[in-house]
Amino acid sequence: MARPILIIDPGHGGRDPGGGTNRYWKEKDLALKISLYQYNRYRDLGVPVAITRTTDKYLSPDERTRIVRDSGAKYCHSNHLNAGGGDGAEVIHSIYDGKAIAQKIADELRKAGQNIRRVFTRTLPGNSSLDYYFMIRETGNVVTNIIEYGFADSPGDDIQQLRNNHLKYAEAVVKAFCDYAGYTYRTPSGEEQDVNIPINPAPVPSNPGGGSNGSTGQYIHLPASENSWRVYPVDVAPVKGNEKGFLNPAKFGGLTYEILGQPQAHVYIIQTSDFGRVQIYGHPSTGAVINSSPGSSTTSPSTNTDEKTEKHLHLSASESSWRVYPIGVDPVKGNEVGFLNPKKFGGLTYEILGSTGAHVYIIETSDFGRVQIYAGPNTASTISDEDRRASNSDVKNTGDRYLHLPKSESSWRVYPLNTSPVKGNEKGFLNPKKFGGLSYKILGTTQAHVYIIQTGDFGKVQIYAHPSTGATISNKQ
Ligand SMILES: [Zn+2]
C-alpha cells in the first residue's frame with residue numbers, strides 16, 4: 001500500500017469538546033463528521049489517506065502531532081469550527097509552506113457558498129520564526145492547513161450554513177485537494193472509473209440523513225460469496241469500528257435489500273430484520289450490485305472473484321519491489337505475503353480476477369498464488385482491456401512502450417511527479433526539435449495521456465501526450 005499522501009485531523013475529541021461549540025453541535029463532533037466524510041471520499045477517489053482519530057477520543061497535542069508526523073503523509077487537513085464572533089471560513093497555513101493549498105481550499109469553499117474571512121499565518125509572540133498554532137508548528141515536514149469552516153457563534157449566517165451545508169463544505173475541500181495534488185476528482189455521484197463491472201447507471205436520489213420512508217426503486221444485492229458484511233447505525237460514519245453488526249449473504253445464497261436512501265456515495269440505507277434501519281457500504285469494488293431489480297442478483301454482473309473481468313493490470317518495469325497481500329487481510333504494510341519484481345521481467349502483466357477495495361485487485365501469481373495487490377493511480381501501474389501477453393510470447397517484452405515526441409516541437413512541458421501536470425507547475429521543457437525528435441521509455445502513467453518518463457535534464461517527470469499533441473506511442477524505441 002502506498003503511504004498516505006494526506007492525513008485528516010478532526011480537531012479536539014473526548015474530554016476536549018472544542019471552543020467552536022454551540023447549542024446545535026459540539027466542535028469535536030462536527031469536525032469528526034466532516035473528517036470521516038472526507039476520509040471516505042478520498043478513499044473512493046483513490047487518494048491514499050490516513051486520519052488521526054475516527055472516534056470521540058481525546059488526543060493530547062503531543063499525540064496528535066506525533067501521529068501526523070509519523071504518518072508519512074505530505075499534507076494534513078486539520079478540521080475545526082471557529083468561535084469568537086466572526087463570520088466565514090478561515091484557512092491557516094505555516095509561515096514556511098502551505099499557502100497555495102490554503103488559497104485553493106478557500107477558493108473552493110467560496111464556490112460552495114461560504115464566505116472567506118481570511119487566509120493567514122500567525123507567529124508566536126516574540127518569535128517570528130515559529131508558527132503560532134501547534135498543529136502547524138509541531139507537524140514537521142507535513143504541510144498542515146487548519147481549516148475553520150465557520151463560526152459557532154457567528155452573528156451572520158454561519159450557524160445556518162454549517163447546519164445545512166457542512167458536508168458540502170467538506171466536499172469542497174476534497175475537490176480543492178484533488179485539484180491541487182493532481183488526483184482526478186469526481187463528484188460523489190460521478191462516473192466510476194474503476195475496473196469493476198458496470199452497475200445500473202440509474203442514479204439513486206440523494207437522501208441526506210436517510211430519513212426517507214419512501215422507496216428509491218433501487219435494490220442492493222450482496223453476493224453469496226460473502227459471509228460477513230458490515231452494517232452501521234444511520235447516524236454514525238460507516239467506517240470500521242462503528243459497526244452495528246454483520247450480514248451474512250453466504251448463508252442465504254446472497255441477499256437483496258431495497259435502497260431507502262443514500263447519505264453519501266456508495267453508502268445506502270436499508271432496512272434489515274436483525275439490525276433495523278442501517279447504513280451499508282456498497283462500492284462496486286465490494287461485489288455489491290445496485291439495480292432496479294428486486295429479484296436475485298444472479299443474473300446481474302458481479303465481481304465474484306471466480307469470474308474473469310477481462311481487464312489486465314500492468315506493473316511498470318521501473319519498479320523492483322511491489323507488495324502483494326494474502327486474500328482476506330487488509331492490504332496494508334506489514335501484511336505482505338511477498339513482493340513482485342516487475343523490473344526483473346521488463347514489467348509484469350496480470351489478469352484482474354476481482355477487486356477487494358478501491359484500487360485493490362486480485363491476481364494469480366506463480367510465486368504466491370492468488371493475492372491482493374494495490375495499484376492506485378499514483379503507482380506505476382496501468383489497467384487495460386487488452387492482454388499484452390497475447391501479443392508477446394516473450395514475457396520479457398511485456399508492457400514496454402515508448403513515447404515519441406515529434407521534431408516539429410521545440411518546447412514540451414514536463415512536470416514533477418506528485419504535482420498536477422498543468423501550466424504553472426512545469427519543472428522544465430524538452431526540445432524535441434533540437435534532437436530531431438525525442439523518444440522515452442514509458443515508466444508509468446498518472447492519468448489518461450499523462451506518462452512518467454526518465455529525462456536526462458529533469459530526472460523522472462510527468463509529460464502530457466494526448467494524441468492531439470502530435471506525440472505517438474509504440475512498442476519500438
Ligand atoms: Zn478547534
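Rings of Phe, Tyr and Trp, the last represented by its six-membered ring, are taken to pair if their centres lie within 6.5 Å. In the structure examined here, which is a predicted model, 4 aromatic pairs are found. In one of these pairs, the rings of Tyr42 and Phe177 have centres 5.6 Å apart and planes at 85°, and the arrangement is therefore edge-to-face, since planes over 60 degrees apart are counted as such. This pair links distant parts of the chain, with Tyr42 lying in helix α1 (residues 27-44) and Phe177 in helix α5 (residues 158-181), at a separation of 135 residues. Tyr42 is buried, with a relative accessible area of 0%, and for Phe177, which is buried, the relative accessible area is 0%.

Phe177 also pairs with Tyr75, the ring centres being 5.4 Å apart and the planes at 75°, so that this pair is edge-to-face. Here, too, distant parts of the chain are linked, in that Tyr75 belongs to strand β3 (residues 75-82) whereas Phe177 belongs to helix α5, 102 residues apart. Both Tyr75 and Phe177 are buried. Together with Tyr180, the residues Tyr42, Tyr75 and Phe177 form one aromatic cluster.

Note on methods: Residues numbered from 1 in each chain as written. Predicted model: local features only at pLDDT ≥ 70, side-chain atom pairs only at ≥ 80, totals over all residues. Heavy atoms only, no water. Phe/Tyr/Trp six-rings, centres within 6.5 Å; stacked < 30°, edge-to-face > 60°. Helix = DSSP H or I, 4+ residues; strand = E, 2+ residues; numbered from the N terminus. Buried < 20%, exposed > 50% of the residue type's maximum accessible area, 1.4 Å probe, protein only.
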